[in-house]
Amino acid sequence: MKNFERILQQQQLFFNENKTKPISFRKSQLIQLKKVLKENINDLNKAIYEDFRKSEFETYATELSMIFHEIDMALKNLDSWSKKIRVKTDLANFPAVSYLYPEPLGTVLVIGAWNYPYQLSILPAVMALAAGNNVVIKPSELAANTSKVMAKIINSSFDPAVLFVAEGGIEETTFLLNQKFDLIFYTGSSNVGKIVMKAASQNLTPVVLELGGKSPCFVMEDAQIEMAAQRITWSKFLNGGQTCVAPDYILVKKEVREKLVEAIKKQITQQLGHDPSASEAYVNIINERHFDRLISLVDSNKIIFGGENDRNKKYLAPTLLFPSSFSDKVMEDEIFGPLLPIIEFDNLEEVIQMVKSKPRPLALYVFTNSKKYSKKILLEISFGGGAINDTIMHLTNAHLPFGGVGNSGMGNYHGKFGFDTFTHYKSILHKTTLFEPPIKYPPYKSWKLKLIKLLMG
Ligand code: NAD
């Protein structure tokens, strides 16, 4: 911990000496980050495979490519993003100019989760560096090999006063949370989110919380069922169901339920084979604790597909549960695994009220060809973000902010939104020195009051 304390002091000093602020410096750090990640790509692939059998394809498609894309976006736009922004000036301040002056927040702590260990630790750091901050990354100890490889690669390639990976579990995280950072960016469960927010409040440190929740997926009677099944199957069983924005459960209109279930079964076999344990596209459960938790959620009477499991390999097959209902155990908390409860409904109004009675989800999906349905659901239910006729892909569009609402989190990032999250915009009024109108100064006169009323309304 002494080491962490020393590095934090170095970062604070480095920041106070304004060394992170030049745009050329920020760009050089981003270029360096991309370079060392590319150079060590084999080690990154090996570590993540050892952690939970994640393939090279998925590691690139769902983690590294997003990091590289975001670095490129920052490099391309940094000059314009970091310019002051001119805004209008009101009559009361005439003549003057007004602008927003972007400045980095300072020293930032990024606490990552294990399920996308590279993306969730490094992506926030990219925009933090782009905005001129320095960063301590604390990856999740649950993905031990990826945590180790990130520490090895980054700590040997960067000045720790700029970017440092601090490894460790709850004890180390607790220690870091008690230090004075200028922002804490946390990704993980809502329970730990509360611990983070409480600790941050002691130092009045702002927080961004990227949390989880039960993300519903509506399938209406007018949906293109085959396509819906293809997209739902891919996103639900990607990463072994351990994706924060995965559709947690399906709400399907009664008349298309059978067709949808059959189409999902067909898709599982098509995408992952008859034995998903042999597929390179199928990831294991991260550890025994999560494996046991998932098994305890399964009502064996409701398994209509899958259910096979092997604790030694931490393997749990894609499993469909029907008929599910809101009172099932599997519907209590976020599943975060390859179990897909299917709830059939007749009355959209009722089912919307059920969803609204639960904590606000991170994501929501609607499969329909009708604007009437999508408009109604978007208007009525609050959630972080989502898609119509697709699942999870909204988070790959860096022009959309990614984040939750209510229990699923606060704050957001990706692209320019990430830059803004790690930036403070100073409000500046730049006044002329040529003359000074007398209106606001005593002695107060009735003509002055009349003029103020005229100008200000
Ligand atoms: P995790 O166990 O990896 O924990 C996340 C971080 O919290 C780790 O760095 C860990 O060291 C730290 N931590 C754990 N317990 C702590 C404690 N008692 N005190 C201080 N620090 C502690 O991840 P997780 O919580 O299992 O992640 C799963 C959850 O994260 C799910 O709910 C998922 O939906 C959510 N998630 C959200 C996003 C998002 O972007 N919104 C992304 C991934 C995961």
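Reader: At roughly what angle do the axes of helix α3 and helix α4 cross?
Author: In this predicted model, helix α3 covers residues 41-52 and helix α4 covers residues 56-81. Their axes come within 10 Å. The crossing angle is roughly 105 degrees.

Reader: Is that arrangement of α3 and α4 roughly parallel or roughly perpendicular?
Author: Angles of 65 to 115 degrees count as roughly perpendicular. The axes of α3 and α4 cross at roughly 105 degrees. The two helices are therefore roughly perpendicular to each other.

Reader: Which residues make the contact, and how many of them are nonpolar?
Author: From α3 come Ile41, Leu44, Asn45 and Ile48. From α4 come Glu56, Thr59, Tyr60, Glu63 and Leu64. By class, two residues are polar, two are charged, and the nonpolar ones number five.

Reader: Is threonine 107 buried or exposed?
Author: Threonine 107 sits in strand β3, residues 107-111. Buried means under 20% relative accessible area. Threonine 107 has 1% relative accessibility, so it counts as buried.

Reader: Which side chain makes a polar contact with the side chain of threonine 107?
Author: Beyond four places in sequence, threonine 107 is in contact with Leu8, Gln11, Gln12, Phe15, Asn134, Phe181, Asp182 and Leu183. A side-chain polar contact of threonine 107 spans 2.9 Å. The partner is asparagine 134.

Reader: How many residues of strand β4 are buried?
Author: Strand β4 spans residues 134-138. Asn134, Val136 and Lys138 point one way, Val135 and Ile137 the other way, and all are buried.

Reader: In which sense do β3 and β4 pair, and what stands opposite isoleucine 111?
Author: Strands of a sheet pair through backbone hydrogen bonds, either parallel or antiparallel. β3 and β4 pair in the parallel sense, over five bridges.

Reader: Which residue in β18 is the bridge partner of leucine 100?
Author: Strand β2 takes in residues 96-104. β2 and β18 pair in the antiparallel sense over nine bridges. The bridge partner of leucine 100 is serine 427.

Reader: What is the strand order in the open sheet of seven strands?
Author: The pairing here is mixed. The edges are β10 (303-305) and β16 (385-388). Neighbouring strands are turned by 25 degrees on average, direction ignored. The order is β10-β13-β14-β9-β8-β15-β16.

Reader: What stands opposite valine 366 in β16?
Author: Strand β15 runs over residues 363-367. β15 and β16 pair in the parallel sense over four bridges. Opposite valine 366 is isoleucine 388.

Reader: At about what angle does helix α12 run to β8?
Author: Helix α12, residues 348-356, lies across β8 (216-219), β9 (249-253) and β14 (339-345). Its angle to β8 is about 175 degrees.

Reader: Why does proline 323 count as partly exposed?
Author: Proline 323 lies in the loop between β13 (319-321) and β14. Leaving aside neighbours within four places in sequence, proline 323 is in contact with Lys302, Asp328 and Ile342. Proline 323 counts as partly exposed because its relative accessibility is 47%.

Notes:
Residues numbered from 1 in each chain as written. Predicted model: local features only at pLDDT ≥ 70, side-chain atom pairs only at ≥ 80, totals over all residues. Heavy atoms only, no water. Buried < 20%, exposed > 50% of the residue type's maximum accessible area, 1.4 Å probe, protein only. Polar contact = N/O pair within 3.5 Å; in protein donor to acceptor, adjacent residues only side chain to side chain. Contact = heavy atoms within 4.5 Å. Axes fitted to C-alpha atoms, helices over the stretch in contact; angles between N-to-C directions. Parallel < 35°, antiparallel > 145°, perpendicular 65-115°, else oblique. Nonpolar A, V, L, I, M, F, W, Y, C, P; charged D, E, K, R; others polar. Pairing = 2+ DSSP bridges.
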